[in-house]
Amino acid sequence: MDRIGHCDPYIEIDKDGERIHTTQVLKKTSDAVWEDFPIHDLEMESVLTFTVKDYDFVGDDDFIGQLEITYEQFLQDFFNVTDRTLSL
């Protein structure tokens, strides 16, 4: 995070501990929104882990937060929802 509260966030998406997608980095924002995720055709009991990080040009990226949810719960909570904010 920079001095004025902005960061360069991105999300790593894992299914049952295996990376299935990494979103694009959104530069210099404090209000990140990703339009869609390539999450489909998974087993209902699959566990999805969304790890949000702040990209750093030098050094390790900073951990911002994490959400762990089953694919079944993901579908129940997010199917046909156009705008959803989650606390990490």
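Which strands does H1 lie across, and at about what angle does H1 run to E4? Select H1 and look: H1 lies across E3 and E4, and runs at about 95 degrees to E4. (Axes are lines fitted to C-alpha atoms, for helices over the stretch in contact, and angles run from 0 to 180 degrees between N-to-C directions.)

Before you go on, know that this is a predicted model, where local features need pLDDT of at least 70 and side-chain atom pairs count only at pLDDT 80 or more, while totals for chains, interfaces and linings use all residues. Residues are numbered from 1 along each chain as its sequence is written, and side-chain values use heavy atoms, with hydrogens and water left out.

**Stop 1: the whole fold**

Switch to a cartoon view. You'll find one helix and four strands, running β-β-β-β-α from the N terminus on. Helices (H or I, at least four residues) and strands (E, at least two) are DSSP runs, numbered from the N terminus.

**Stop 2: the sheet**

Now select the strands. The four of them form an open, antiparallel sheet in the order E2-E1-E3-E4. Strands count as paired if DSSP finds at least two bridges between them. E2 and E4 (62-70) stand at the edges with a single partner strand each, so one side of each has no neighbour in the sheet. On average, neighbouring strands here are turned by 25 degrees against each other, direction ignored.

Zoom in on E1 and E3, which pair in the antiparallel sense over seven bridges. Pick Tyr10 and you'll see it opposite Lys53 in E3.

**Stop 3**

In soluble globular proteins, nonpolar side chains tend to be buried together. Here, the largest nonpolar core has 13 residues; Ile11, Ile39, Leu48, Phe50, Ile69, Tyr71 and Phe74 touch the most other members. Strand E1 (9-15), E3 and helix H1 (71-78) are the elements that give two or more residues to this core. (Such a core is a set of buried Ala, Val, Leu, Ile, Met, Phe, Trp, Tyr and Cys residues joined through side-chain atoms within 4.5 Å; buried means under 20% relative accessible area, exposed over 50%, partly exposed in between, using a 1.4 Å probe and protein chains only.)

**Stop 3: the loop between E2 and E3**

Next, select Thr23, in the loop between strand E2 (18-22) and strand E3 (47-54). Is Thr23 buried or exposed? Thr23 is buried, at a relative accessible area of 9%.

**Stop 4: two positive phi angles**

Finish with Lys28, in the loop between E2 and E3, and Asp16, in the loop between E1 and E2. Lys28 has a positive phi of about 45 degrees although it isn't a glycine; Asp16, not a glycine either, has one of about 50 degrees. Lys28 is exposed, at 66%, whereas Asp16 counts as partly exposed, at 47%.

Key:
Contact means heavy atoms within 4.5 Å.
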